[in-house]
Amino acid sequence: MSNSNAGETVVVVRDVCKEFYRDQLTIPVLSGINLQLSEGDYLALMGPSGSGKTTLLNLIAGLDRPTSGDVIVCGQNLGQSSEGELARWRSRHVGFIFQMYNLIPVLTAYENVELPLTLTSMSRRQRDDHVKAALEVVALQDRMDHYPRQLSGGQEQRVAIARAIVTDPTLLVADEPTGDLDAKSAAEILELMHRLNTEFRKTIVMVTHDPNAADRARRILHLEKGLLVSEIANNRAKVAVP
Amino acid sequence: MKTLKYIWRNIRRNPIRSLLTILSVGFSLALMTVLYGFLAAQETWKNGAAQANRIVVMNIQGFSGRLPISSVDQVRSTKFVAAAVPFAWFGGSYQDEQMPFAQFATDPEHVFDVWPEYSIPPEQLEAFKTSRQGCVLDRRIAERRGWKVGDRIPLKGAIYPFDLDLEISGIFDSPKNTDSLYFHWDYLNEGLKQQSYPNIDNAGTIFARIASSDSIPAVIKSIDDKFGSSDTPTRSQTEAAFAQMFADMVGNVQVLIRNIGMAVVFSLSLVTANSMAMAMRERVTEIAVLKAIGFPRSRVLFMVLGEACAISMLGGFLGVGMGCLFLQGMNRLMPQFFPFTVMEMLGPWISYGLIAAAVLGLISGIVPAIRAAQMSVIDGLRRIA
């Protein structure tokens, strides 16, 4: 696998297979996947439905463990970690961006962003500084007291991005981050993610069906039936909103 | 953002469901508080009676049997009996009130010898003894109704075909609320004679104070032996046993009340558990997100259990509060049946009620909490994706 960036290795996926079991049936989802990402990489995972994109994303994010092979992220072999260890690890190293934003509806934008910090030993003032900084990055500091229902879809996703970056994680994982947005909002989100990658050197792994979204990534991997079928080093990665 | 704040926001998320759950817990615990308050009233009465060296003599057939007034002197003459009085329940109504307070026809000369723990100013006691239509009553009745010495109290007979026209001669103090009024047995008996009532010269029951508790068994045996061969054989018993007799009359009701209480708590835990399970089902994705960003199982468990306990405790405060208010009302209206104030109940009953509410919260929340804590993050996220 190519390594398009000279930074420190963040993700190593080695000979990974993943199988699910349903009603005594074994369903192979990923077979022999090898992948390496360095700090500052921006990877788009593409492929038809059922090709294993989200499963691979979940393995890299420490939400699931491989049936065989190794997934080593930020120096931690995730396959050998207990669930409690994985939870602690995720809180420090991974930020999540979901297709449906998944904000907590009873919390304000500020409180949603603050949520991951409540797992740390930070003081109230430190948390406040971090939350405001994160909201400033997504340009929503003026909406911090608004509840999710009072925000547009694009704004909700920006709050979700602020929640993802507030702990300053090494890795951002995004599952169809623009899948529920209109074209304008999607472009804003992609631009924001591009900034996080270029200005803040965040390593990003994004699952998408959208070729325009994938075009922002430095690397594009295509999966089909659980196999990695092609990789494109995207030297045309756009740096500005079209 | 603290966990408790998040729990509170979740309770307010679906206010109607939360309110209905809180009300169902509240009303059920209010019912339990009242039912158990009724049991406590019986215990209080029984325990109070056990401390006094008094016996009660009645016809062996019970309250329906006669006990001639001449029996009182025979009881008095029994060895170790310090004092004895007739004690006949009148049960009259006052104005529109069917059961305003307890009224007993007794002997004014000796009634305060049988109950020496009651105190009354000597001049008022003297006035009571000399006035045939005089009566004395518990200070709590007088204060509640704003009555004073010299006021007249007309009581309409419900059991007897004779109405009383009483004048307050004195007001006595007693350690516990008796909610009682005492008047001359002679006044009632004379009135019944004038009405040609067949059952005259009846003492009803006899209350006697015994010099020492050690002598009580011998006195009881002596009295029952004395009347054994007469037309009106007696059954004598301690005041505590007399109180127990009343308790035994509703003994099965006590078991029933306890079982109903248990059933209420059990069924309520199912209702609350169902409510919590619904709330959790609606929040599967949300819980999955929390776990994805690093919330450990223990914290998810705490949040769900905390929410169930908070709802249950809110219902508990409401229920115990309503129950105490109801019992306080009963204490005011019918102190003879609820001889304790809400202040006397506050400690134990609030504790019991709130402990019951907390247990209810734990029982109802434990299954949804464990399911939430053990839920797969991926399955939870897939629910909406």
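Let's start with a pair of strands in chain B: strand β1 (residues 54-59) and strand β8 (residues 205-210) run antiparallel and are joined by 4 bridges. Within this pairing, B:Arg54 has B:Arg209 of β8(B) as its bridge partner. Please keep in mind that the model is a predicted one.

These two strands belong to an open sheet of 9 strands in chain B, in the order β5-β6-β4-β7-β3-β2-β8-β1-β9, with mixed pairing. At its edges lie β5 (152-155) and β9 (234-238) of chain B, each of which pairs on one side only. On average, and ignoring direction, neighbouring strands of this sheet are turned by 35 degrees against each other.

β4(B) and β6(B) are parallel, with 5 bridges between them, whereas β5(B) and β6(B) run antiparallel and are joined by 4 bridges.

## Helices on the chain B sheet

Helix α5 (residues 122-130) of chain B lies across β4 (134-138) and β6 (164-172) of chain B. The direction of α5(B) is at about 160 degrees to β6(B).

Helix α7 (residues 185-194) of chain B also packs on the sheet, where it touches β2 (81-89), β3 (102-106) and β7 (180-184) of chain B. Relative to β7(B), the direction of α7(B) makes an angle of about 65 degrees.

## A helix crossing in chain B

Next comes a pair of helices. Helix α1 (residues 3-13) of chain B and helix α12 (residues 297-333) of chain B cross at roughly 55 degrees, and their axes come within 9 Å. This angle therefore makes α1(B) oblique to α12(B). The crossing of the two is right-handed.

From α1(B), the residues involved are B:Thr3, B:Tyr6, B:Ile7, B:Asn10 and B:Ile11, and they meet B:Phe302, B:Met303, B:Gly306, B:Glu307, B:Ala310 and B:Ile311 in α12(B). Sorted by class, the contact of α1(B) with α12(B) has 7 nonpolar, 3 polar and 1 charged residues.

## Chain B as a whole

Of its 385 residues, 40% are buried. Among contacts in chain B with a separation of 6 or more, 80% are between residues 24 or more positions apart.

## The four-stranded sheet of chain A

Moving to chain A, we find an open sheet of 4 strands in the order β2-β1-β4-β5, with antiparallel pairing. Its edge strands are β2 (25-38) and β5 (76-77) of chain A, each pairing on one side only.

Inside the sheet, strand β1 (residues 9-22) of chain A and strand β4 (residues 68-73) of chain A pair antiparallel over 5 bridges. Here A:Val12 stands opposite A:Ile72 in β4(A). Helix α1 (residues 53-60) of chain A packs on this sheet and touches β1, β2 and β4 of chain A, with a direction at about 125 degrees to that of β1(A).

## A helix pair in chain A

Helix α5 (residues 153-165) of chain A packs against helix α6 (residues 183-198) of chain A at an angle of about 15 degrees, and their axes are 9 Å apart. The two helices α5(A) and α6(A) are therefore roughly parallel to each other, and α5(A) passes α6(A) in a right-handed crossing.

On the α5(A) side, the contact is made by A:Gly153, A:Gly154, A:Gln157, A:Arg158, A:Ile161 and A:Ile165. On the α6(A) side are A:Ser185, A:Glu188, A:Ile189, A:Leu192 and A:Leu196. By class, this contact of α5(A) with α6(A) has 5 nonpolar, 4 polar and 2 charged residues.

## Chain A as a whole

Chain A has 7 helices and 10 strands, and 48% of its 242 residues are buried. Of the contacts in chain A with a separation of 6 or more, 69% come from residues 24 or more positions apart.

## Where the chains meet

Between the chains, 21 residues of chain A are in contact with 17 residues of chain B. On the side of chain A that touches chain B, α2 (83-93) and α3 (109-114) of chain A each supply at least two residues. The most comes from α2(A), with 5 residues. By class, the residues on that side of chain A divide into 10 nonpolar, 6 polar and 5 charged.

Note on methods. Residues are numbered from 1 along each chain as its sequence is written. Chains are lettered from A and ligands numbered from 1 in the order in which they are written. This is a predicted model: local features need pLDDT of at least 70, side-chain atom pairs count only at pLDDT 80 or more; totals for chains, interfaces and linings use all residues. Axes are lines fitted to C-alpha atoms, for helices over the stretch in contact, and angles run from 0 to 180 degrees between N-to-C directions. Angles under 35 degrees count as roughly parallel, over 145 as roughly antiparallel, 65 to 115 as roughly perpendicular and the rest as oblique. A crossing is left-handed if the near helix is turned anticlockwise from the far one by less than a right angle, and right-handed if clockwise. Two residues are in contact if their C-beta atoms, placed from the backbone, lie within 7 Å. Ala, Val, Leu, Ile, Met, Phe, Trp, Tyr, Cys and Pro count as nonpolar, Asp, Glu, Lys and Arg as charged, and the others, Gly among them, as polar. A residue is buried if 20 or more other C-beta atoms lie within 10 Å of its own, exposed if 12 or fewer, and partly exposed in between; C-beta atoms are placed from the backbone. Two strands pair if DSSP finds at least two bridges between them.
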